[in-house]
Amino acid sequence: MLVTVLGFLYSFSSARNYQKKVTEIVIEFKDGDNNFLTHSMVNKLLIQNEESVRNRAKSELNLYGLENKVLKSPYVENASVFLTIDGQLKTVIKQRVPVARILLNNDSYYVDKQGIKVPLSNHYSARVLLVSGIENEEEINAVLPLISFILKDGFLQKEIVGIEKSDVNEYQFAVRSGDYKIDFGNLKEIDIKFKKLKAFYNKTFEDKTIQNYKAINLKYHNQVVCTK
């Protein structure tokens with residue numbers, strides 16, 4: 001009898017739980033960064049059978065399908081959709097963080113730290129490195145370590161505003177502190193080249209001669225070659 005009563009109560013409780021309706025839709029952005037996506041944009045993704053999920057019974061919801069719809073957005077890196085005990089349909093989203101903007105002749109787009117393409121948005125414009133001369137995914141993956149090195153250094157992140165790749169796989173930087181260019185060369189010995197650049201900057205910033213140069217060349221071993 002006890003087992004029967006417990007079974008009845010469990011079935012009754014489960015039935016009521018599945019009939020519980022969605023009382024509220026809650027959207028949460030991790031780290032508070034709702035740059036590309038807004039709450040209203042995510043709400044439009046939380047549509048099932050062309051209808052809002054608000055006031056729908058739990059038994060009618062396809063949480064897996066709703067989560068997949070959110071994950072298909074090119075701006076979403078990770079997402080989870082679930083129901084809380086009090087009837088909230090909660091969506092937690094981590095958006096992709098662009099590290100560079102790839103400039104093409106007829107188009108441009110962002111890439112994140114994994115090299116994933118992120119389309120431009122009418123809602124938000126990210127202030128990131130501008131990269132030109134990159135034409136395919138292989139070249140994106142090749143330049144990512146250079147971008148990562150720059151972004152990890154507070155000074156370089158503020159100073160370098162653009163990267164241009166040449167046809168011979170060498171790179172040139174546009175900088176914030178002047179009209180001169182920095183010829184970085186290929187992607188070998190990245191850390192050594194930046195140490196040379198910082199040493200050169202320390203001297204020329206101190207004696208205020210940095211604006212005398214039109215180009216700074218870091219390609220040669222153990223020296224910085226400049227053009228006035």
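A residue counts as buried when its relative accessible area is under 20% and as exposed when that area is over 50%. Keep that scale in mind as we walk through this predicted model, beginning with the chain as a whole. The protein chain holds six helices and 14 strands, and 37% of its 228 residues are buried. Looking at contacts between residues at least 6 apart in sequence, you will find that 50% join residues at least 24 apart.

Let us turn to the sheet. Nine strands form an open sheet with mixed pairing, in the order S8-S7-S6-S9-S10-S11-S12-S13-S14. Its edge strands are S8 (117-118) and S14 (225-227), each of which pairs on one side only.

What do its two faces look like? On one side, S9 pairs with S6 in the parallel sense over four bridges, and here Leu130 of S9 stands opposite Arg101. S9 also runs parallel to S10, joined to that strand by three bridges. In S10, Gly162 is the bridge partner of Leu130.

Helix H4, residues 137-152, lies across S6, S7, S8, S9, S10, S11 and S12, and runs at about 155° to S10. Helix H6, residues 190-206, lies across S10, S11, S12, S13 and S14, running at about 155° to S12.

Finally, have a look at the empty space. Rolling a probe the size of a water molecule over the atoms shows where such space is left. The largest pocket has a volume of about 260 Å³. Which residues line the largest pocket? The lining consists of Pro98, Val99, Arg127, Val128, Leu129, Leu151, Gln157, Ile160, Val161 and Arg176. Strands S6 (98-103) and S10 (160-165) are the elements that give two or more residues to this lining. By type, the lining residues divide into seven nonpolar, one polar and two charged.

Notes
Residues are numbered from 1 along each chain as its sequence is written. This is a predicted model: local features need pLDDT of at least 70, side-chain atom pairs count only at pLDDT 80 or more; totals for chains, interfaces and linings use all residues. Side-chain values use heavy atoms; hydrogens and water are left out. On a 1 Å grid over the protein atoms alone, a cavity is a set of points where a 1.4 Å probe fits but cannot get out, and a pocket is an open set with protein on both sides within 12 Å along at least five of seven lines; lining residues have an atom within 4 Å of a point. Grid points are joined across faces, edges and corners, and a volume is the space filled by probe spheres set on the points. Ala, Val, Leu, Ile, Met, Phe, Trp, Tyr, Cys and Pro count as nonpolar, Asp, Glu, Lys and Arg as charged, and the others, Gly among them, as polar. Two strands pair if DSSP finds at least two bridges between them. Contact means heavy atoms within 4.5 Å. Axes are lines fitted to C-alpha atoms, for helices over the stretch in contact, and angles run from 0 to 180 degrees between N-to-C directions. Buried means under 20% relative accessible area, exposed over 50%, partly exposed in between (1.4 Å probe, protein chains only).
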